[in-house]
Amino acid sequence: MNFQQSPSFSGQRVSGVQSGLSKNLFRLEDVSIRFGSIQALSNVKLSIESGEVIFLTGASGAGKTTLLRVLSGDIKPDSGKVSIPSPKRCFISKVFQDLRLEMNKTCEQNLWAAYDTSIYENKKEFKKDLEELASVLGFDNRLDLKVKDANGGLKQKVAIARALLAKPDVFIADEPTASLDSGNARRLFEILNIYNVRKGMTVIWASHNKELVKNFSGRIIHLDNGKLIYTGHACFI
Ligand SMILES: Nc1ncnc2c1ncn2[C@@H]1O[C@H](COP(=O)(O)OP(=O)(O)O)[C@@H](O)[C@H]1O
Ligand SMILES: [Mg+2]
């Protein structure tokens, strides 16, 4: 990616993570979750530090979404211990597969949901970031389109842009590239890396797309049948 085309980030979220209060953000000890007869997670041990980029991999049904829901604080384990950062100290933006967009509003109106006077000095500053992000994600010419008329890829980009405009400390995304072609998926990956490098944003995303892993420079966490079977760098997968 051409860095001149990358987001320039005007506003800044002031949080405990940015000021370096907590390095070890997430810690899971022997976490297990069952849904009826299905063991979705089995004795998962894991810690994630502030500033890491994590790529959660595994086949469909391996437990990726369940693990992201635990990290987001949406579900509690049946057994084991979960330590996640306090919302007062650490802002987590999530993009799950339901996207939670307002269908009757335009793409731009959906992005304005991220506007927060505590992180942007004024609307002009937000609008600048909004336009820049829409441009690098390649949908600046469709900002006026109603979301109900957008295709799956555009909906996914709008949800991701809205999550990033909130300037989170942690970005959690479940299969964010599912509706994107490989060029767009790579571009998104580059944008997340830039946010990580420039803003210290911790990135945790899940994907079953093995092709993406090959070009990935962060840490892989690989699940198989609810068990964490590998954590380390991509070249060993
Ligand atoms: N709410 C739920 N109710 C029942 N079964 C579930 C629920 N959520 C997940 N599961 C099951 O748990 C297993 C792990 O699911 P999931 O975490 O969604 O895997 P992945 O995201 O890797 O595809 C699957 O067998 C899935 O069917
Ligand atoms: Mg899933």
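Residues are numbered from 1 along each chain as its sequence is written, while chains are lettered from A and ligands numbered from 1 in the order in which they are written. Since the model is predicted, local features need pLDDT of at least 70 and side-chain atom pairs count only at pLDDT 80 or more, whereas totals for chains, interfaces and linings use all residues.

The protein chain holds six helices and nine strands; helices (H or I, at least four residues) and strands (E, at least two) are DSSP runs, numbered from the N terminus. Of its 237 residues, 37% count as buried, that is, with 20 or more other C-beta atoms within 10 Å of their own, against 12 or fewer for exposed residues and values in between for partly exposed ones, the C-beta atoms being placed from the backbone. Two residues are taken to be in contact if these C-beta atoms lie within 7 Å. Among contacts in the protein chain with a separation of 6 or more, 75% link residues 24 or more positions apart.

How are the strands arranged? Strands of a sheet pair through backbone hydrogen bonds, either parallel or antiparallel; here, two strands pair if DSSP finds at least two bridges between them. One open sheet has six strands in the order β5-β6-β7-β3-β8-β9, with mixed pairing. Its edges are β5 (92–95) and β9 (227–232), each of which has a single partner strand, so one side of each is left without a neighbour in the sheet. On average, neighbouring strands of this sheet are turned by 15° against each other, direction ignored, the axes being lines fitted to C-alpha atoms and the angles running from 0 to 180 degrees between N-to-C directions. Within this sheet, β3 (residues 53–57) and β8 (residues 219–224) run parallel and are joined by four bridges, and I54 has R219 in β8 as its bridge partner.

A further open sheet has three strands, ordered β2-β1-β4, and its pairing is antiparallel. β2 and β4 (79–83) are its edge strands, each pairing on one side only. Eight bridges connect β1 (residues 24–35) with β2, and I33 stands opposite L41 in β2.

Attention now turns to the ligand. Which residues surround ligand 1? The shell consists of F35, I38, A40, G58, S60, G61, A62, G63, K64, T65 and T66, where a residue is near a molecule if its C-beta atom, placed from the backbone, lies within 6 Å of it. By class, four of these residues are nonpolar, six polar and one charged; Ala, Val, Leu, Ile, Met, Phe, Trp, Tyr, Cys and Pro count as nonpolar, Asp, Glu, Lys and Arg as charged, and the others, Gly among them, as polar. Both β2 (38–49) and α1 (64–71) supply at least two residues of the shell, and the largest share, three residues, comes from α1.

Helix α1 is largely enclosed by the rest of the structure, because six of its eight residues are buried. These are K64, T66, L67, L68, V70 and L71. Just after α1, G73 takes a positive phi of about 80°.

Finally, A161 lies in helix α4 (residues 152–165). A161 counts as buried because it has 24 C-beta neighbours inside 10 Å. Apart from neighbours within four places in sequence, A161 is in contact with L111, L133, A134 and L137. From C-alpha to C-alpha, A161 and L130 are 7.8 Å apart in space, although 31 residues separate them in sequence.
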